[in-house]
Amino acid sequence: MTISRAPTPDISPLTLKDTSGEAEAEGGPETFVRTDLYEERQTPESGIGAFATSLISSGTRIFCEESIVMLPDYAGQLELHRMVKALPDDKQKMFWNLAASSKPGKAVAWIDLLRASCGDDESDTFNNLVEEYERAWSIYETNRFTCRSLDGASKSLGMFPMCARINHSCAPNVFHRYSPSINRLTIHALRDIQPGEELLTSYIDICHPTVIRRQLLKHWGFRCRCTACDSSDDEEDHRRRRIEDLFNKMANREKKRERNEAKWTEKDYERSFANVSKAIKLLEEEGMEETDTLGVVYAAAVKLGLKLRREEEAVEWAQKVVEIEVKCLGTDSKEYQTALQLLETAKSARQK
Ligand SMILES: C[S@@+](CC[C@H](N)C(=O)[O-])C[C@H]1O[C@@H](n2cnc3c(N)ncnc32)[C@H](O)[C@@H]1O
């Protein structure tokens, strides 16, 4: 399951130093899952899902789960199987009970390696073993979450069996992310969720237009029927297309600025800022003001606002970033610490 996040505009020269992660938590906080707030239930078309059993207020942390399997993104079938077999019985049972939707891949080199390690066995026992490896891989591909390191340099894939029961929507009501500072996957409510509502997260970047989202979701073997996908409103799709375009423009302009910082004029910053303002407006119109994508864009607005001497507004936007990060990721996240630093920078620029 890929973490959904809008393409982050890379404005590294303006980025503040992140000191929050220097002491990466060794054990992290207690693992908890708020089973007092939701229950797992069979759905008619999407397998098992998680449903609120009482009102869940916006910003509530519903899951703070530790992985049972964590592998580098280049690991293959043999490493996964070895890791699963090394789990205690109760965790192995949890693993094998998860959904398996992906089809076996075309790459079969791992089967030759397995055969070699089994002494060139061609028996039914070997064929059954291959099937077991394939099933493990399918479970892994269906349920894994992307886990980035604190500096973002490395990527692992983790299995979090309770969180894995959350189905997908392109108009999600919860937000998931692996938090390296606490070594847990957290899931927070993006808005108030009423009893009986299904908890739905997005497996993909929700800023893509419908045709791309459909293509990406084929990995999980279903066609999404959420309000965004089934809407007959072309305007909605047009807005998501525009949002994606704006993100690309923002990133491209930033790369240009990095290459040519000395010659970058106020007018250039104004142009970059215009893209950011349009993105904020469109995200709000598209009802995405509840996701952390808006936090990413507001953070870009703060940094550009400071360059344009718009300190008063920069403080307001930075406050929004802090609120969004608390809601989506909590105060123990690296993103929250970075947002606090951004707010401090904006406040001190305002005082000057
Ligand atoms: C991570 S699992 C989610 C939990 C899963 N429903 C279960 O029974 O364990 C992902 C799988 O759930 C199903 N799924 C998730 N969201 C869905 C949706 N919006 N519509 C249909 N199926 C969905 C697909 O089979 C997908 O491969």
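View 1. Leaving aside neighbours within four places in sequence, Val302 is in contact (C-beta atoms, placed from the backbone, within 7 Å) with Ala314, Trp317, Ala318, Val321, Leu342 and Ala346. This is a predicted model, in which local features need pLDDT of at least 70 and side-chain atom pairs count only at pLDDT 80 or more, while totals for chains, interfaces and linings use all residues. Residues are numbered from 1 along each chain as its sequence is written. Val302 is also one of the residues that touch the most other members of the largest nonpolar core, together with Val174, Val297 and Val321, and this core has 74 residues. Helix H9 (residues 293–307) supplies the largest share of this core, 10 residues, and the core draws at least three residues from each of domain 1 (12–19 + 232–351) and domain 2 (32–101 + 138–229). A nonpolar core here is a set of buried Ala, Val, Leu, Ile, Met, Phe, Trp, Tyr and Cys residues joined through C-beta atoms within 7 Å. Helices (H or I, at least four residues) and strands (E, at least two) are DSSP runs, numbered from the N terminus.

**View 2. The contact between domain 1 and domain 2.** The C-alpha centres of domain 1 and domain 2, whose bounds come from an automatic or database domain assignment, lie 27 Å apart. The contact takes 20 residues from domain 1 and 20 residues from domain 2. On the side of domain 1 that touches domain 2, the elements that give two or more residues are H7 and helix H10 (311–329), and H7 gives the most, with 7 residues. By class, that side of domain 1 has 6 nonpolar, 4 polar and 10 charged residues, where Ala, Val, Leu, Ile, Met, Phe, Trp, Tyr, Cys and Pro count as nonpolar, Asp, Glu, Lys and Arg as charged, and the others, Gly among them, as polar.

**View 3. Arg240 in helix H7.** Arg240 is found in helix H7 (residues 234–259), and it counts as buried because 23 C-beta neighbours lie inside 10 Å. A residue is buried if 20 or more other C-beta atoms lie within 10 Å of its own, exposed if 12 or fewer, and partly exposed in between, with C-beta atoms placed from the backbone. Not counting residues up to four places away in sequence, Arg240 touches Cys207, His208, Pro209 and Glu286.

**View 4. Tyr336 in helix H11.** Tyr336 has its place in helix H11 (residues 334–351), and it counts as buried because it has 22 C-beta neighbours inside 10 Å. Its contacts, leaving aside neighbours within four places in sequence, are with Glu325, Val326, Leu329, Gly330 and Thr331. Tyr336 and Val321 are 15 residues apart in sequence, and their C-alpha atoms are 8.3 Å apart in space.

View 5. Asn183, in the loop between strand S9 (174–179) and strand S10 (184–189), has a phi near 55°, a positive value in a residue other than glycine. Asn183 is partly exposed, because 19 other C-beta atoms lie within 10 Å. Arg309, in the loop between H9 and H10, has a positive phi of about 60° although it is not a glycine. Arg309 is exposed, with 11 other C-beta atoms within 10 Å.

Notes
Contact = placed C-beta atoms within 7 Å.
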